[in-house]
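Here's a quick look at the aromatic side chains in this one, ring against ring and charge over ring. Have the structure open while you read.

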Amino acid sequence: MASSLAVINCSQVVTLAGPARPRVGPEMRELSIIEDGAMLVVGERIATVGSRNEIERLIEASGAGCEVIDAGGRVVLPGFVDAHTHPVFAGTRAGEFEERAKGATYQEIAARGGGIQSTMRATREASLDQLVAAGKRYADWFLRTGTTTVEAKSGYGLTVEDELKLLRAIKQLNSETPLMYVPTFLGAHDIPPEYKSHREQYVSLIVDEMLPQVAEEKLAEFCDVFCEAKVFTTEESRKVLAAARSQGLGLRIHADQLSLSGGAELAAELHTLTADHLEHTDAKGIAALRSAGVQPILLPGSVYALGSSRYPAAREMIEGGLAVVLATDFNPGSSPTPSMPMILSLASAHMKMTPAESITASTINAAYSLNRGDQIGSLDAGKIADFVIHDCEEYRELAYFFGIEHPWRVFAGGMMVYERRVTSPQA
Ligand code: NIG
Ligand code: FE
């Protein structure tokens, strides 16, 4: 018989229960909280979520076989779903970070062969084992900040073999860590230096060689493109995404991050599942995303870490009825943070999203943006038991106190995968 586990004495069980679709407009503020709630997990799935009395009756009925966790008056939430990350790479870019602190810009550093290309050089040099070892360090960071699922992009190899190496590393990390990885092929992250003078040949390499192999080996669920002036034009992006679709991959796009480059309109035209970044997207672009049903993924960590103040227009998107998602964009250049609570803090302080909206954006809406809304992202009977007991009395503290780690215990598939020692237990 499958083992059972109950969590009782929770000040709030933030369930995110609701309609079986991404939440829009005022729905983003409805978290379906059970005060003094509790939860029963059987095997790797959630069995029942309800009042403390209801769950205590079920514990009694199950005899001695149920492990009971006293949450000590803390808050329980679904694990965060981080729907945009670049978590497999070699080296760091701490040197470039220092250069930016002295005044250089991200684009200047990229133009002189740094940026994505400096990580590309280190990643090409690294073996699969070295990439997996580095990836495990970051997997720990995601888990300890309360994230249980990450979308994971390749994009630092930029040769057939090196892109496949990154996707194989992601596959290995998915099976060897408790974190769930959803793989995305991002061969179109940059034009590698050896193709700079004949870029169309690199686009052909992606379309004719990389994508067919990625699809054949089933190494990715999604394809993404960095659509940006000086990186991939809208025309080139359209080619790559159309080819990916014909290989059966879902579509995502880095759009309008550094300039208004037509990325949002392209996302709408192709009906991609998501359009990510959108710092420069205007009202026309927002309307196009809305009518095409594209989910915006907003990444305030990269705005913050690049020292910019140009945050995406989250309020306009929420008022316009878009199913907004928040993610970290964890990567070694523009956003070196794995922390969703940090992103929640930025979203409230700089994008005027309420803590409730941010939690919806980083759980249930994020799950739908990965085609997993029926499995994760809320605490509903039947879903995978990915949840976190945060050392908070109420959910708003997650966005309010920043620069600390909130999770007390983290569970993935019903198993405890992280525990932090706390010196002053709650009630
Ligand atoms: O999402 N925009 C493109 N890619 C990343 C940056 C990657 C890097 O700097 O290594 C981003 O911000
Ligand atoms: Fe990114």
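Let's start with Phe330: this residue is buried, as its relative accessible area is 2%. Bear in mind that the model is a predicted one. Tyr202 and Phe232 form a tilted aromatic pair. Tyr202 sits in helix H7 (residues 199-216), while Phe232 is in the loop between strand S8 (222-227) and helix H8 (234-246), so this pair ties together parts that are 30 residues apart in sequence. Tyr202 is buried, with 0% relative accessible area, and Phe232 is buried too, also at 0%.

Now for the overall tally: the model has eleven aromatic pairs. One of them joins Phe142 and Phe330 in an edge-to-face arrangement. Phe142 counts as buried because its relative accessibility, 0%, is under the 20% cut-off.

Here are the two pairs with their geometry:

| Pair | Type | Centre to centre | Angle between planes |
|---|---|---|---|
| Phe142 and Phe330 | edge-to-face | 5.4 Å | 85° |
| Tyr202 and Phe232 | tilted | 6.5 Å | 40° |

Phe142 and Phe330 also show up in a cluster linked by ring pairs, together with Phe89, Tyr138, Trp141 and Tyr156.

What about charges over rings? Arg74 lies over the face of Trp408, 4.3 Å from the ring centre. The charged end of Arg409 sits over the ring of Trp408 as well, at 4.4 Å from its centre.

Note on methods. Residues numbered from 1 in each chain as written. Chains lettered and ligands numbered in written order. Predicted model: local features only at pLDDT ≥ 70, side-chain atom pairs only at ≥ 80, totals over all residues. Heavy atoms only, no water. Phe/Tyr/Trp six-rings, centres within 6.5 Å; stacked < 30°, edge-to-face > 60°. Buried < 20%, exposed > 50% of the residue type's maximum accessible area, 1.4 Å probe, protein only. Helix = DSSP H or I, 4+ residues; strand = E, 2+ residues; numbered from the N terminus. Lys NZ or Arg CZ within 6 Å of the ring centre and 35° of its normal.
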